[in-house]
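Hi,

Here is the structure I promised to pass on to you. Have a look at it first, and then read my notes below.

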Amino acid sequence: MQSNLSQVLPDTAVVVDGRLQLAGVDVVDLADRFGTPLIVLDRASLETRAKSYAAALEPARVFYAGKALCCVAVCEMIEALGLSLDVCTGGELETARAAGFPMERVLFHGNNKSVGELEAARDLGVGRIVVDSHDEISRLARVGVTSKLLVRITPGVEAHTHHYIQTGQEDSKFGFTLADGAALDALRRASELRSAGLVGVHAHIGSQIFEMAAFDLAVKRLAVFLREAKDAFAFEPTELNMGGGLGIAYTDDEITPPPADSVQRILAAVEREFSALGLAVPELSLEPGRSLVGSSAITVYKVGTVKRIPGVRTDVAVDGGTSDDSYQKGLPSPEQTDRVYVSVDGGMSDNPRYPLYGAKYQALLANRMNDESTLWTTVAGKHCESGDILIKDVPLPVDVREGDLLCIPATGAYTYSMASNYNRITKPPIVMVEDGKAVEIVRRETLDDVLKLDRRLDGSAL
Ligand SMILES: Cc1ncc(COP(=O)(O)O)c(C=O)c1O
């Protein structure tokens with residue numbers, strides 16, 4: 001295997017006879033058995049990361065952010081690991097219920113929770129609700145929610161990540177801002193609700209964060225705010241939830257520290273900042289999503305059309321990078337002016353991350369792992385949309401061809417959970433691999449599933 005790929009592949013990845021195996025299962029065989037596109041989830045990778053988070057935060061809670069990948073089997077896995085679960089819609093809540101997830105360990109997020117969703121949370125006995133707006137405080141009072149409450153604060157910290165996936169700035173649809181006094185007001189109002197009690201505050205400062213100083217600053221601002229709250233109406237939190245956001249390696253130039261190191265750093269910041277202001281140190285909890293499931297899965301596609309256009313690639317890489325920085329750093333930078341489109345049998349409907357925010361990935365051929373990758377290609381989907389790109393520039397073997405099995409690593413988070421039926425393409429299955437065995441945990445969607453929702457003009461079913 002190219003050494004640079006071991007960073008981005010699941011922990012159990014090995015190459016045997018030039019073919020990729022995960023958890024002792026041959027990926028080419030998986031593609032034959034389950035078809036493509038196919039998401040393969042390595043249970044051991046997920047469990048290792050979950051256990052490392054849990055051990056680092058012990059005895060406080062790790063809430064897996066279900067939005068990253070939400071299905072019954074993943075909820076079952078998270079429950080068996082003893083972790084808690086963050087849901088942010090009635091749909092995710094219902095998935096947790098279907099998985100038999102203990103509701104006391106569920107935390108409910110969302111900037112626009114409906115009355116129906118809050119009633120469901122009340123009736124199911126959801127453990128915690130993160131209060132996001134003044135309107136929601138009124139709804140909580142009407143519904144008579146009995147959960148523990150945390151108030152979501154936007155601490156005005158800009159995490160170093162892509163603009164569209166930042167949520168910690170003051171200009172955000174989430175939570176209460178500090179500067180205009182909204183946060184203090186919200187804390188006071190939430191403390192007066194007839195609930196199981198206001199236990200603390202929450203902040204989520206962004207996603208795919210590598211710059212840990214952002215967490216230090218956010219914790220500091222929250223401590224200053226909570227000192228103010230103590231002085232104003234004697235409120236002291238017992239819980240501080242710092243959300244998710246830790247980054248993972250999508251490409252070989254991204255080095256991720258072990259989650260435990262990042263957790264230690266946030267714990268130290270909480271201890272330092274709260275003690276410095278004479279406040280009791282609250283229990284820190286976190287909501288990792290991407291850093292739990294992201295690197296635990298790959299997506300396998302079949303290559304179809306390979307199109308070469310001579311001479312159109314004018315932004316040729318120089319010294320491993322270009323002006324738009326779309327090339328993977330550290331890889332050979334060819335004088336290649338041909339654009340080579342490698343089209344696969346999925347695309348933006350199973351992974352919209354490139355069209356959404358220019359996400360980067362590596363790629364490899366599961367059936368030819370030992371072939372050198374020297375041809376710069378653009379991996380495209382099969383949607384009727386020029387923007388349907390999976391990877392803008394990535395090296396593949398020069399003779400990449402129809403029938404090759406192209407794998408994109410690190411697709412466990414925010415791919416299937418953001419999948420659509422654009423162009424009436426059906427969603428792929430998810431297969432979990434463990435100890436040489438493969439189990440389908442989400443079956444492939446069929447066109448019947450899609451058409452089942454359609455009605456004729458007279459309203460009749462098909
Ligand atoms: C409130 C909240 N918590 C946790 C997460 C999970 O973040 P990540 O997947 O980056 O760890 C998100 C992601 O958007 C979020 O909005």
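A word on terms first: a residue counts as buried under 20% relative accessible area, exposed over 50%, and partly exposed in between, with a 1.4 Å probe and protein chains only. By that rule Leu447, at 48% relative accessibility, is partly exposed. Please keep in mind that this is a predicted model, in which local features need pLDDT of at least 70 and side-chain atom pairs count only at pLDDT 80 or more, while totals for chains, interfaces and linings use all residues. Residues are numbered from 1 along each chain as its sequence is written, and side-chain values use heavy atoms, with hydrogens and water left out.

Leu447 sits in helix H12 (residues 447–451); helices here are DSSP runs of H or I with at least four residues, strands are runs of E with at least two, and both are numbered from the N terminus. Together with Leu451 and Leu462, Leu447 forms a nonpolar surface patch with about 290 Å² of accessible area. Such a patch joins nonpolar side chains (Val, Leu, Ile, Met, Phe, Trp, Tyr) within 5 Å, from residues with over 30% relative accessible area and no salt bridge. Areas come from the Shrake-Rupley method with a 1.4 Å probe, and for residues only the protein chains shown count as cover.

Now the ligand. Of the 15 residues around it, Ser207, Gly245, Glu287, Arg290 and Tyr414 come nearest, where "around" means a heavy atom within 4 Å. A side-chain N or O atom of Ser207 is 2.5 Å from a ligand oxygen, and a polar side-chain atom of Tyr414 also lies 2.5 Å from an oxygen atom of the ligand. Gly245 uses a backbone N or O atom, at 2.8 Å from a ligand oxygen. Taken alone the ligand exposes 390 Å², and the protein buries 92% of that.

The structure holds 27 salt bridges, each a side-chain nitrogen of Lys or Arg within 4 Å of a carboxyl oxygen of Asp or Glu. One of them joins Arg61 and Glu104 (2.9 Å, N to O). Arg61 is in the loop between helix H2 (43–57) and strand S5 (63–65), and Glu104 in the loop between helix H4 (90–98) and strand S7 (106–108), so this pair ties together parts 43 residues apart in sequence.

Best wishes

Note on methods: A polar contact is a pair of N or O atoms within 3.5 Å; within protein, one must be able to donate a hydrogen and the other to accept it, and residues adjacent in sequence count only if both atoms are side-chain atoms. Patches are made of residues with over 30% relative accessible area and no salt bridge: like charges are joined within 9 Å, nonpolar side chains (Val, Leu, Ile, Met, Phe, Trp, Tyr) within 5 Å.
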